[in-house]
Amino acid sequence: MSAALVIARRDLLAVVRSRSQLYSSMLTPILFLVFLGNGVSHGLEPANLPDGNFTAYLVAGAVVMTSVFSSTFSSASYYRDRDSGVLRLLASAPVHPRVLLLGKSLAALAIGVVQAMAVLLLAAPFVDFEWQYGLVAGLFVSLAAIVLVNLMLTGLAQALASRIQTMQGFHLLMNLALFPLLFFSGAFFPIDGLPAWLRVLAFVNPLTYAVDALELAVYASGDATFIGLGVDFAVLAVLAAGTYLVGLARTPKLTYSGA
Amino acid sequence: MAQYAVRASNITRGYGGRKALDGFSLDVPAACVFGLLGPNGSGKSTFIAMLAATEPPETGSLEILGGSPSRALRCRLATVFQENTADPLMRAGEYLRFAGRVFGVPSSELSTRIPELLERFGLGDRAADPVSSLSGGMRRRLEAARALLHRPELLLLDEPTTGIDAEERAILWETLRSSADAVTILLATNDLSEADAVCDSVAFIQGGRVVASGSPAQLKAGLRRESVRIAWPTASEGELAEVAGWPGTGEVARDGDIVVVTTDEASTFVPRLFALAPGAVRSVTIATASLEDAYFQHVQRRTGEASR
């Protein structure tokens, strides 16, 4: 029994000392309560949904959410490479660390785009999409939006992964940054029905523009209540280019050091 | 080819207020196997790391393969690190292709080079196996094969045989020496017998600097001919000082209950010892002087009390 208590005490100490674990366990449920509850109570009335079909409405959000998860998991491979020793080998190779980052981000981007497009295409047979610009143009607009949002998220994840020491800390920061953005992006409920202060947050949220572009491409039958593709792509393109370049510029400390 | 593969002069390198290298100077002749020997934390891995990264030192000068440290120079170096660098999710052949491409070897050349090296290191039938399925010794051989892929001129080995058995160690060294003919090998190790067996020259390192260097034979030549290990728990400082003063006696060092003495003639030393401490000496072992004896002559034991 005393051994069990000693082990329990050691585990408790580890949790108390690992602040990321403490915060992440509590913050995500709190975010759900405050933001999802608020948004659903204001926005999830059939009258507030453009076509009254919540399943079809969720597809754009699901595609953006796939990009969020994909970029997070792909960038976490940085930690796997560090632990398996691959980074150590690369640190001794005649390539600049930015080349390494570029290679890793290209893989993350490719995975994110394929996964997000797969979610969209898998949903298509089960949901009554409008494809208001036609199927081919709609798919092209969707692909462009997905590429840009993945570029932006990969850049962000990479910039964080190359500077944060632990994978737990990385996941905590990504969750803290991206879950609120998802809630206020129109991914789960329309932003039109939100209180004014939440709408302001939605409009400074880059994911809002990705969700908007995807909804316009696959779901909306008009664009009266949407932001518009021009603004969506302008915002996404600027942010994607900026974030991706920042991600590449954050050269990791790839040194092999011993004593 | 430059006369020296590495020339380091008065190098300093600090980590968090501690000097890992402090006035480190060393010349490593080209095309030899050179050993860096020293206790943990002595600075040998730091020096290897500096060479592997081709980083210029904070102070002092460093010349690698006749040139200043630069990223471009890394194509001419290879490092086998203490830990494996192979991704366990990759297959052995895939890993070598990945590493070869990163080091700039053309894909067409790798198609012949990889099977050739795998065969040479006894892994010819394991190319398609996941790295995770290879034994510890096989992974070390895979690392050695990886290091030779791009035909380096300087091979840095940081404790490459740690954790593998004697047979694997022998296979690794045999293959390395036959595969890396004109290559300079710089070996950092704690294993004195390994260094004695494979190195043409060695340097003893302590406190971030070289305290002695030369060929194993030169370093051993400075010693008395025989090494006597005495189990003598009650030996006093006075008794050890008396032993140290006997004619023909070299180093006297204590490590716990064991006293190690080098002497010209064990046959006269041992009877004298039993006369000095009758009943107190539990056992005596006599051996020919080894590189280990030379090492302990130059490198202070951390826990022992050197009496002279």
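**Close-up views of a predicted two-chain model**

**Figure 1. Overall make-up of chain A in the predicted model.** Read along the sequence, chain A follows the pattern α-α-α-α-α-α-α-α-α-α-α, which corresponds to 11 helices and 0 strands. Of the 259 residues in chain A, buried residues make up 38%. When contacts in chain A between residues at least 6 apart in sequence are considered, 83% of them join residues at least 24 apart. The structure is a predicted model, and chain A averages a pLDDT of 80, with 79% of the residues scoring at least 70. Over residues 254-259 of chain A the pLDDT is below 50, although this stretch has 22 contacts in the model beyond near neighbours in sequence. Where pLDDT is low, the predicted coordinates should not be read in detail.

**Figure 2. The crossing of helices α7 and α8 in chain A.** Two packed helices are described by the angle between their axes and the distance between the axes. Here the axes of helix α7 (residues 135-161) of chain A and helix α8 (residues 167-183) of chain A come within 10 Å and cross at roughly 145°, and the crossing of α7(A) and α8(A) is right-handed. On the α7(A) side the contact is made by Ala157(A), Leu160(A) and Ala161(A), while α8(A) contributes Phe170(A), Leu173(A) and Met174(A). By class, the residues of this contact divide into 6 nonpolar, no polar and no charged.

Figure 3. Met174(A) is found in helix α8 of chain A, and it counts as buried because 23 other C-beta atoms lie within 10 Å, where the cut-off for a buried residue is 20 or more. Leaving aside neighbours within four places in sequence, Met174(A) is in contact with Thr72(A), Ala157(A) and Leu160(A). Val63(A) is 111 residues away from Met174(A) along the chain, and the C-alpha atoms of these two residues are separated by 17 Å.

**Figure 4. Where chain A touches chain B.** In this view, 16 residues of chain A are in contact with 23 residues of chain B. Helix α5 (residues 86-91) of chain A gives the most to the side of chain A that touches chain B, with 5 residues. The residues on that side of chain A divide into 9 nonpolar, 6 polar and 1 charged.

**Figure 5. The two domains of chain B.** The domain assignment of chain B gives domain 1 (4-215) and domain 2 (222-298), whose C-alpha centres lie 37 Å apart. Between them, 7 residues of domain 1 of chain B are in contact with 5 residues of domain 2 of chain B. On the side of domain 1 that touches domain 2, the elements giving two or more residues are α6 (192-198) and β9 (209-214) of chain B, and the largest share, 3 residues, comes from α6(B). By class, this side of domain 1 has 6 nonpolar, no polar and 1 charged residues.

Figure 6. Most residues other than glycine have a negative phi. Asn10(B) counts as partly exposed because it has 14 C-beta neighbours inside 10 Å, whereas Glu159(B), with 20 C-beta neighbours inside 10 Å, counts as buried.

How values were computed. Residues numbered from 1 in each chain as written. Chains lettered and ligands numbered in written order. Predicted model: local features only at pLDDT ≥ 70, side-chain atom pairs only at ≥ 80, totals over all residues. Axes fitted to C-alpha atoms, helices over the stretch in contact; angles between N-to-C directions. Helix = DSSP H or I, 4+ residues; strand = E, 2+ residues; numbered from the N terminus. Left-handed = near helix turned anticlockwise from the far one by under 90°. Contact = placed C-beta atoms within 7 Å. Nonpolar A, V, L, I, M, F, W, Y, C, P; charged D, E, K, R; others polar. pLDDT = per-residue confidence, 0-100. Domains from an automatic or database assignment. Buried ≥ 20, exposed ≤ 12 C-beta atoms within 10 Å, placed from the backbone.
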